Amino acid sequence: MDAADDLIPLDPAYKSMLRLQLAITGLVLLVPTTIAEIAIPGWTGAVWIPALLVIAYALIRVPLRRYHASSYSLVEERLRVVRGIFFRADTVVPFGRVQHIDVGQGPLERAFGLATLTVHTAGTHNASVSLPGLRHADAIAMREDIRAAIRRDTR
Amino acid sequence: MNQTPDTIPRRTDPRTFAVRTVGLLSQLVLPLVVGGFALLDDGDFDDAIVYFLPFVLVAVGANILFAYLRWSRLTYTVSDADIRVESGVLSRAARSVPYERIQDVSLEQKVVPRLFGLVEVKFETGAGGGEDLKLAYLRENEGERLRELVRSRRGRIAVAASDTDTDEAENDVDARLLYAMSRKRVLTFGLFEFSLAVVAVVAGLAQQLEFLLPFEVWDWRAWRERLTGPGQWLAGLGFLAQIVGGVLAVASLLLVGVVTGVVRTVLREWGFRLERTDKGLRRRRGLLTRTDLVMPVHRVQALRIGTGIVRRLFGWHSLKLVSLASDSGSANHEAVPFAQMDEIAPVVAETGFELPGGTQEWSRAAPAYRIDGFLLGLAAMAALSIGLFVADRAAFAILPILLGGGWFGLHEYLRWRWDRYAIGPGQLYARHGWFAPSLTIASREKLQSVEIVRNPLARLRGYADVHFGLAGGRLRMRGVALDEARHIRDAVVDSMAQQDFSDIVDQQLPAA
């Protein structure tokens with residue numbers, strides 16, 4: 001169960017979505033930078049250039065790292081979610097412990113046809129485990145799988 | 001089990017109204033006394049009372065009228081499928097709680113209702129945020145009747161669904177005493193409940209309100225002056241008298257701490273009885289406010305055995321039950337507050353759990369984890385030392401790194417020695433802390449999720465934290481070697497997969 005090969009990567013569109021998300025944040029960040037740049041006499045670029053470098057790094061590297069940091073698997077009626085760049089968390093929830101399931105779509109996620117699957121357990125710690133960056137149809141299929149497993153168990 | 005639910009809306013006991021009035025009047029007494037004093041100061045009391053009295057009467061009357069309306073508009077209905085409560089004078093609210101969702105019914109008696117023979121009935125649903133349904137106040141036997149009704153309803157659902165005729169004959173009360181506290185035990189417990197916080201508060205108050213005291217607490221000379229009366233010879237001793245004064249001040253504070261601990265404990269634990277009934281563990285305790293709580297055994301998710309710094313030396317331990325209902329906060333599921341281990345063992349056996357046996361193999365955290373903890377602490381202390389050195393306090397610069405470093409070293413070493421975990425055939429054990437160690441015993445089957453977490457340092461050094469999803473509590477093992485963490489995770493997930501959630505919580509099947 002520890003072999004990395006049975007883990008499924010997220011949908012590649014997740015990278016594009018993260019990039020768009022960061023681009024929007026970057027644009028917002030550019031506003032005060034530009035004001036500061038205008039306030040400093042002469043076009044020195046002292047604020048602009050570092051800010052642009054940071055944004056460029058964020059746009060190129062961060063989505064890739066976040067994309068590669070997350071993966072999941074659904075074998076043996078267990079949902080396994082691996083997340084986190086610095087703090088790696090590897091969570092396993094057996095289907096039999098799932099209380100209810102959410103499939104959520106934010107506006108950006110909808111534009112890219114993505115969804116976030118969240119399963120809720122009765123545990124105080126890890127009461128909900130969420131997995132972003134799934135194709136919407138996949139998320140729905142996963143929800144149906146989990147739900148079917150719960151139905152079968154309780155019958 | 002032959003109680004048939006009635007579908008007529010009922011009101012709470014009319015004497016509720018009397019209890020509320022008593023509460024209301026006692027709330028009004030203080031303002032009245034204060035007001036009375038203010039009037040007496042003015043002098044012409046007779047005139048003032050003529051103007052003052054009607055207002056008081058109107059206020060009291062309006063409150064009593066409102067209390068009456070509230071009482072008359074609150075009804076509860078015990079129907080086939082649920083308990084329904086309708087309430088509200090101007091805006092009406094109706095709440096229905098299905099029997100399947102009621103985890104337990106607890107009865108509580110405060111002082112005034114107790115005089116009238118009334119109880120407050122609380123239906124625990126496990127809903128967070130104190131959203132439980134309450135009925136205040138009912139007659140004692142009506143409370144008992146509701147409790148029995150809910151239990152038999154729940155029992156019938158379980159029996160009907162699982163087709164096993166188990167507790168048909170057991171319904172009569174055959175309570176078996178598991179643990180009780182004698183008066184002496186309660187007092188001993190009280191002595192150990194000495195509260196340093198209370199001492200601090202009293203010391204603070206003594207300083208704040210010293211104008212109320214006839215002398216200055218912290219002034220040694222004042223103590224000496226006071227001592228000159230009865231013990232003239234002390235005054236001649238000078239310096240010694242100052243020491244005696246100081247000791248007296250500290251001793252009086254300690255006495256306050258001890259007395260507070262004893263009084264609080266006696267109020268809470270008086271007449272403590274833990275019994276095994278057919279529905280679970282029944283706990284009754286309290287001197288003025290008597291509480292009666294049943295903790296269903298199959299709902300217990302884990303056990304926690306704790307102790308204290310001092311009481312540990314005398315072998316005193318406590319046993320708490322971690323259960324689904326303990327999420328709601330008010331339900332403190334302390335099964336045995338203060339006992340020796342050989343008294344706790346039978347209670348543990350009764351909950352279906354086992355204490356770790358002598359042959360149980362225990363593991364410690366990876367040494368790398370403790371060494372990293374020590375190095376991080378040392379680094380922080382070194383930074384402080386350098387800061388002091390730069391700020392021209394070279395003489396003190398050595399202190400943080402020496403004392404702090406020593407403390408961190410000792411702490412991490414002791415934690416490494418004392419913090420242990422083990423995985424048994426059906427249970428997990430986690431022992432935590434060296435000052436006042438606690439032991440958590442969790443059933444492998446009753447966990448909700450397993451998570452392995454690693455920070456950058458942990459990934460570099462090959463250890464991990466394992467967090468377990470436990471309903472109503474937390475359970476984690478820190479600094480476990482990575483291979484072992486994975487082994488534990490796989491073993492636990494395998495045993496979790498053998499049972500569905502509804503089996504472990506209810507041992508009954510929802511009508512799907």
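Predicted model: local features only at pLDDT ≥ 70, side-chain atom pairs only at ≥ 80, totals over all residues.
## Confidence of the model

For chain B as a whole, the mean pLDDT is 78, and 78% of the residues reach 70 or more. Among the elements of this chain, the lowest mean pLDDT, 55, belongs to helix α8 (residues 232-237) of chain B, whereas strand β19 (residues 449-454) of chain B has the highest, 92.

## Composition of chain B

Chain B contains 15 helices and 21 strands. Of its 512 residues, 43% count as buried. Among the contacts in chain B with a separation of 6 or more, 57% are made by residues 24 or more positions apart.

## Annotated transmembrane regions

An unreviewed UniProt entry places the feature "transmembrane region" at residues 17-37, 49-69, 186-206, 233-263, 373-391 and 397-414 of chain B. Two of these ranges can be set beside the modelled secondary structure. Over residues 373-391 of chain B, the chain is 95% helix and 0% strand, with the end C-alpha atoms 27 Å apart. Residues 397-414 of chain B are 100% helix and 0% strand, and here the end C-alpha atoms are 27 Å apart.

## Helix α5 of chain B

Helix α5 of chain B spans residues 183-192, and its buried residues are B:R185, B:V186, B:F189, B:G190 and B:F192. Viewed down the axis of α5(B), these buried residues fall within an arc of 160 degrees, so they line one face of the helix. The face turned away from the buried side of α5(B) carries the exposed residues B:R183, B:K184 and B:L191.

Two of the buried residues of this helix, B:F189 and B:F192, also belong to an aromatic cluster, which they form together with B:F314, B:W316 and B:F338.

## Aromatic pairs

A pair of aromatic rings is described by the distance of the centres and the angle of the planes. Over all chains, the count comes to eleven aromatic pairs. One of them is formed by B:Y68 and B:W71, a tilted pair with 6.0 Å centre to centre and 40 degrees between the planes. B:Y68 and B:W71 lie three residues apart in helix α2 (residues 45-73) of chain B, so they are separated by about one helical turn. B:Y68 is partly exposed, with a relative accessible area of 38%, while B:W71 counts as buried at 15% relative accessibility.

The pair B:W434 and B:F435 is edge-to-face, with 5.1 Å centre to centre and 70 degrees between the planes. B:W434 counts as buried at 16% relative accessibility, whereas B:F435 is partly exposed, with a relative accessible area of 48%.

## Charges over aromatic rings

In chain A, the charged end of A:K15 sits over the ring of A:Y67, 4.6 Å from the ring centre. In chain B, the charged end of B:R312 sits over the ring of B:W418, 5.1 Å from the ring centre.

Notes
Residues numbered from 1 in each chain as written. Chains lettered and ligands numbered in written order. Heavy atoms only, no water. Buried < 20%, exposed > 50% of the residue type's maximum accessible area, 1.4 Å probe, protein only. Helix = DSSP H or I, 4+ residues; strand = E, 2+ residues; numbered from the N terminus. Arc of directions from axis to C-beta. UniProt positions renumbered as here; feature names shortened; annotations may be inferred. Phe/Tyr/Trp six-rings, centres within 6.5 Å; stacked < 30°, edge-to-face > 60°. Lys NZ or Arg CZ within 6 Å of the ring centre and 35° of its normal. pLDDT = per-residue confidence, 0-100. Contact = heavy atoms within 4.5 Å.
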